[in-house]
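Subject: Structure handover

Hi there,

Here is the structure I promised to pass on to you. Please have a look at it first, and then read on for what turned up.

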Amino acid sequence: ASKLSSQAGEKAREYALQGKAKATDALGQLSRMLEDAGARVDEKLGGQYGQYARSAAGQVNTLADRIDAKDMDELVDDIR
């Protein structure tokens with residue numbers, strides 16, 4: 001039973017790491033999309049409005065970097 005419990009824990013950690021990688025990748029893609037949207041908004045409405053999209057992109061990118069920099073134990077502690 002102890003061996004199965006250990007294996008289950010390892011498998012759960014592996015899945016969590018995969019989920020973390022997918023989440024940071026998705027956030028990176030969202031950040032790039034917001035940057036691109038900012039450029040299009042600049043062209044159509046002006047730089048002031050495009051800056052909102054770029055600011056959001058920066059915030060999303062910062063979040064992705066923070067998540068990526070933490071190990072799973074830190075993330076679990078943050079969630080708690």
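Let me start with burial: a residue is called buried when its relative accessible area is under 20%, exposed when it is over 50%, and partly exposed in between, with a 1.4 Å probe and protein chains only. Helices are DSSP runs of H or I with at least four residues, strands are runs of E with at least two, and both are numbered from the N terminus.

Two notes on how to read everything below. This is a predicted model, in which local features need pLDDT of at least 70 and side-chain atom pairs count only at pLDDT 80 or more, while totals for chains, interfaces and linings use all residues. Residues are numbered from 1 along each chain as its sequence is written, and side-chain values use heavy atoms, with hydrogens and water left out.

Helix α1 covers residues 2–45. It has 44 residues and reaches 62 Å from its first C-alpha to its last, close to the 64 Å expected at 1.5 Å a residue. The expected span here is 1.5 Å times one less than the number of residues in the helix. Just after α1 comes Gly46, with a positive phi of about 115°. Helix α2 takes up residues 47–69; its 23 residues reach 32 Å between the first and last C-alpha, close to the expected 33 Å.

How do α1 and α2 lie relative to each other? Their axes come within 7 Å and cross at roughly 170°, and the two helices are therefore roughly antiparallel. For the record, axes are lines fitted to C-alpha atoms, for helices over the stretch in contact, and angles run from 0 to 180 degrees between N-to-C directions. Angles under 35 degrees count as roughly parallel, over 145 as roughly antiparallel, 65 to 115 as roughly perpendicular, and the rest as oblique.

The residues in the contact of α1 with α2 divide into 15 nonpolar, eight polar and five charged. In this scheme Ala, Val, Leu, Ile, Met, Phe, Trp, Tyr, Cys and Pro are nonpolar, Asp, Glu, Lys and Arg are charged, and the others, Gly among them, are polar. Contact itself means heavy atoms within 4.5 Å.

**What is buried**

In α2 the buried residues are Gly50, Ala53, Ala57, Val60 and Ala64, and they pack against α1. On the α1 side, Lys20, Thr24, Leu27, Gly28, Ser31 and Gly38 are buried; the buried residues of α1 pack against both α2 and α3.

Not counting residues up to four places away in sequence, Ser31 touches Ala57, Val60 and Asn61. Ala56, in α2, is partly exposed at 31%. Its C-alpha lies 8.4 Å from that of Glu35, 21 residues away along the chain.

**Helix α3**

Helix α3 is made of residues 72–79, and its axis comes within 11 Å of the α1 axis, crossing at roughly 80°. That makes α1 roughly perpendicular to α3. Arg13, Ala16, Leu17 and Lys20 of α1 make the contact with Met72, Asp73 and Leu75 of α3. These contact residues divide into four nonpolar, no polar and three charged.

Leu75 of α3 is buried at 15% relative accessibility. Leaving aside neighbours within four places in sequence, Leu75 is in contact with Lys20, Ile67 and Lys70. The C-alpha atoms of Leu75 and Gly47 are 36 Å apart.

**The aromatic pair**

How many aromatic pairs does the structure hold? There is one: Tyr49 and Tyr52 form a tilted pair, 6.3 Å centre to centre with 55° between the planes. Rings of Phe, Tyr and Trp (its six-membered ring) pair if their centres lie within 6.5 Å; planes under 30 degrees apart count as stacked, over 60 as edge-to-face, and the rest as tilted.

An α-helix has 3.6 residues a turn, so residues three or four places apart point the same way. Tyr49 is partly exposed, with a relative accessible area of 43%, whereas Tyr52 counts as exposed at 54%.

Enjoy looking around!

Best wishes
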